[in-house]
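This briefing accompanies a protein structure for study. Please examine the sequence and the structure displayed here, and then read the notes, which are grouped by topic.

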Amino acid sequence: ALFSLFATADYHYADRYLLSAIIRRDATSRLYKDNNSGVFPAFSGAWRFTNEEFFPKNDILTDGKVRIGWGQNGNAAISNNYASYSTYAYNLGSGAYDLYGTNANTVAGIIAATTGNPDLKWETTTQTNVGLDFGLINNSLSVSMDYYIKKTKDMLTIPPTLSVEGENAARWMNTGDMENKGFELTIDYRSPEYGDFSWGANLNLSRYKNKLVKYNNMVKNVGGDVRLIEGEPMGVYYGYVVDGIFQNKDQVSNHAIQQGADVGRLMYRDIDGNGVINDKDQCIIGDPNPDFTAGLNLDLRWKGFTLSAFFTGEFGFDVYNTTKRQLDFMSSGIISTNRGVDILNAWSETNTNSSIPAISVVDNNNEMRMSTYYVEDGTYVKMKYLKLQYSFPTNILKKIKAESLNVYAQVENVFTATGYSGLNPELPLGGYGARIDNGPYPTPRTYTFGVNVQF
């Protein structure tokens, strides 16, 4: 159950000064009665300086506004509706009890199903935003810029527990703080008509920096190949650095002790310099968060024809390509399993420039371990769709007694420009916010032809 109260107030004066405030109190049955409610205020204001008497009227800067906002949001959307309470369950497995010692008349006992936490409270996100809006050239060109700082504290998570704490000891807790800082820019242009031709474009750019400020009081990081580490972005990849392939016996002999090292095998970096390749040589080897993202809409109009296209892209992020274990190594799975065509270019004494290690049906060098071999730059630019539409003129509409008639042809998933070796670098965020390529079904290219008519 969720019960909320909220109040709002708005004030506008001469379309120059714009103020808004909201305060809400939320209460949820998911949290224990002492902590089940939270109060979350928010304020925003704007000043349209181009409406001031002192601002000179002109056709260049026709509209201008400064915005600022601050607000808090609460979150209690966890998967366990009774996370504040310990629950118990009948169980014939680990909870079974042999009443007579005959091992034949066991009865179900009661075990702890979940461990409750009555101290749970609302997760709170506080965001501050500063923005500028401009209307230029009689508002045919509009520009909007925003900078924000978003901080989340008391994050609701289930942190790892020690085995000695017993069965089902893991519980929901308020653990850690997260910070996001970002910038967003939107530019929209609508051209005048040049005879029968006009065009328009909308460009948006965004950039953010994510950091796990604090996790909890018990551990500083969690995860394996993908980790949450204090002071680092969410979902960084953690493993070994590959420095190439051993080309000869001298390289093997002069390298740090590496179990399974041999000519044609991957060479791992001795990060701590102790002369042995071990767990201490792991480090952060990739970041799934992009440096910036972009989207572009284009519309070209001539008489009744409209050609539309949408492009999108993400730049400077890393993908964990787990499919390379299957495609590049004969030691993964059974020998008869299909491999990638690139394995035909694997390292050999006559093909020493290859980045793929020599073919082998065993993995003595533990090359299935997480390393930079499986982390790739996922930067891409995609044409999401291309659409051509024709709108019939009024004289034809009158003959068929229709208000509008449009015919169109559209292609979706037109092309992807990328250096990524997998099928598709545009992957959904997985556990801990990582981008893991597990070989999902490829996105199809779709062709659509249609007619829209209104009477």
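The lining of the second largest pocket is made up of three nonpolar, five polar and three charged residues. This pocket belongs to a predicted model, and its volume is about 150 Å³.

- Residues that line the second largest pocket include Met173, Asn174, Thr175, Gly176 and Asp177.
- The lining of this pocket also includes Lys214, Tyr215, Asn216, Asn217 and Met218, and Asp154 is a further member.

**The largest pocket**
- The largest pocket holds about 330 Å³ of space.
- It is lined by 17 residues, and those closest to its centre are Lys324, Asp328, Asp342, Ile356 and Ser421.
- By class, the lining of the largest pocket comprises nine polar, five nonpolar and three charged residues.
- At least two lining residues come from each of β18 (242–245) and α2 (323–328).
- Helix α2 provides the largest share of this lining, with four residues.

**Paired strands**
- Strand β2 (residues 17–28) runs antiparallel to strand β3 (residues 37–47), and the two are paired over eleven bridges.
- Within this pairing, Leu18 has Ala46 of β3 as its bridge partner.
- Strand β3 also pairs in the antiparallel sense with strand β4 (residues 61–75), over six bridges.
- In β4, Ile68 is the residue that stands opposite Gly45.

- In soluble globular proteins, nonpolar side chains tend to be buried together.
- The largest nonpolar core of this model has 23 residues, and the residues with the most contacts inside it are Tyr237, Leu266, Tyr268, Ile285, Tyr320, Met370 and Tyr373.
- The elements β18, β19 (266–268) and β20 (283–286) each give two or more residues to this core.
- A second, separate core has nine residues, among them Leu31, Phe40, Ile78 and Ala83.

**A buried serine**
- Ser198 is located in strand β14 (residues 197–214).
- Is Ser198 buried or exposed? Ser198 is buried, because its relative accessible area is 12%, and buried means under 20%.
- Beyond its neighbours within four places in sequence, Ser198 is in contact with Ser191, Pro192 and Glu193, and also with Asp299, Leu300 and Arg301.

Definitions and conventions: Residues are numbered from 1 along each chain as its sequence is written. This is a predicted model: local features need pLDDT of at least 70, side-chain atom pairs count only at pLDDT 80 or more; totals for chains, interfaces and linings use all residues. Side-chain values use heavy atoms; hydrogens and water are left out. On a 1 Å grid over the protein atoms alone, a cavity is a set of points where a 1.4 Å probe fits but cannot get out, and a pocket is an open set with protein on both sides within 12 Å along at least five of seven lines; lining residues have an atom within 4 Å of a point. Grid points are joined across faces, edges and corners, and a volume is the space filled by probe spheres set on the points. Ala, Val, Leu, Ile, Met, Phe, Trp, Tyr, Cys and Pro count as nonpolar, Asp, Glu, Lys and Arg as charged, and the others, Gly among them, as polar. Two strands pair if DSSP finds at least two bridges between them. A nonpolar core is a set of buried Ala, Val, Leu, Ile, Met, Phe, Trp, Tyr and Cys residues joined through side-chain atoms within 4.5 Å. Buried means under 20% relative accessible area, exposed over 50%, partly exposed in between (1.4 Å probe, protein chains only). Contact means heavy atoms within 4.5 Å.
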